[in-house]
Amino acid sequence: MTGKRGRPPKSADTGETKEKIIAAAVEIIRKYGADEVTVRNVCEEANVSIGTFYHHFRNKDDLLMYFVREESFDACSLEIPANRIADRIFELYTHLIGRYMELGEEFLKSFYTAGNQALSAYMGEEDGKFQTRTVMARCEREILEAVRLGVLREETDAHLVSVDICTIVKGCVFEWCLSDGKMDIEASLRRILRAYLSVYETVPET
């Protein structure tokens, strides 16, 4: 399929077209893996022009980032109180994991790979800081608040702890993928987070 970059005709400039592009990417990931998501492949699957694609997304990585940045974690509502910090962080990350699970096991196994540069960028740092609106940035704020409340020790390095937590979550997701979905990811993640954060707690959770 050939096409030019630029603004698509008004008839294509709709939310419906964007959803077609997203659905096409999901289908390609499910069938062939995230590495096969290219602008050309997505356009062919969605039956849209390349110009239409670039109206909605900057590039392939911008499209892949949609699956992890669709929702701002700044506004994510958490019910577990801050004095139960391990369970509160678990609740925060289940919002992200739940979104993955909704797309299906095959999608998650194909998307959550070391070769997915968009995921790597989202789950990483830039100049020693997390990207705004991400789950990691929210996690760091939650850790800082727990320190302020005296739930975690004053010397706790909130950023380092948040990096470690991100690593723990990624490890649990990878293990879930390796086990073909047989692992109880929520039980494992909750248990590991409790054990990890207990080192920093002034009064360990019960």
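This is a predicted model: local features need pLDDT of at least 70, side-chain atom pairs count only at pLDDT 80 or more; totals for chains, interfaces and linings use all residues.
The relative accessible area of I165 is 0%, so the residue is buried, the cut-off being under 20%. Beyond residues up to four places away in sequence, I165 touches I89, Y93, C139, I143, L193, Y196 and L197. F90 is 75 residues from I165 in sequence. In space, the C-alpha atoms of I165 and F90 are 9.6 Å apart.

Helix α9 covers residues 158-178. At 1.5 Å a residue, its 21 residues should span 30 Å. The end C-alpha atoms are 30 Å apart, which agrees with that expectation. At the N-terminal end, α9 is capped by D157. A side-chain oxygen of D157 lies 3.2 Å from the backbone nitrogen of H159. D180 follows α9 and has a positive phi, near 60 degrees.

The buried residues of α9 include I165 as well as V161, I168, V169, C172 and W176. Residues three or four places apart in an α-helix point the same way, because there are 3.6 residues a turn.

Aromatic contacts were examined next. The structure holds three aromatic pairs. In one of them, the ring centres of F53 and F57 are 5.8 Å apart and the planes meet at 40 degrees, so the pair is tilted. F53 counts as buried because its relative accessibility is 0%. F57 is also buried, at 3%. Together with Y54, F53 and F57 form one aromatic cluster.

Methods. Residues are numbered from 1 along each chain as its sequence is written. Side-chain values use heavy atoms; hydrogens and water are left out. Helices (H or I, at least four residues) and strands (E, at least two) are DSSP runs, numbered from the N terminus. The expected span of a helix is 1.5 Å times one less than its number of residues. Buried means under 20% relative accessible area, exposed over 50%, partly exposed in between (1.4 Å probe, protein chains only). A polar contact is a pair of N or O atoms within 3.5 Å; within protein, one must be able to donate a hydrogen and the other to accept it, and residues adjacent in sequence count only if both atoms are side-chain atoms. Contact means heavy atoms within 4.5 Å. Rings of Phe, Tyr and Trp (its six-membered ring) pair if their centres lie within 6.5 Å; planes under 30 degrees apart count as stacked, over 60 as edge-to-face and the rest as tilted.
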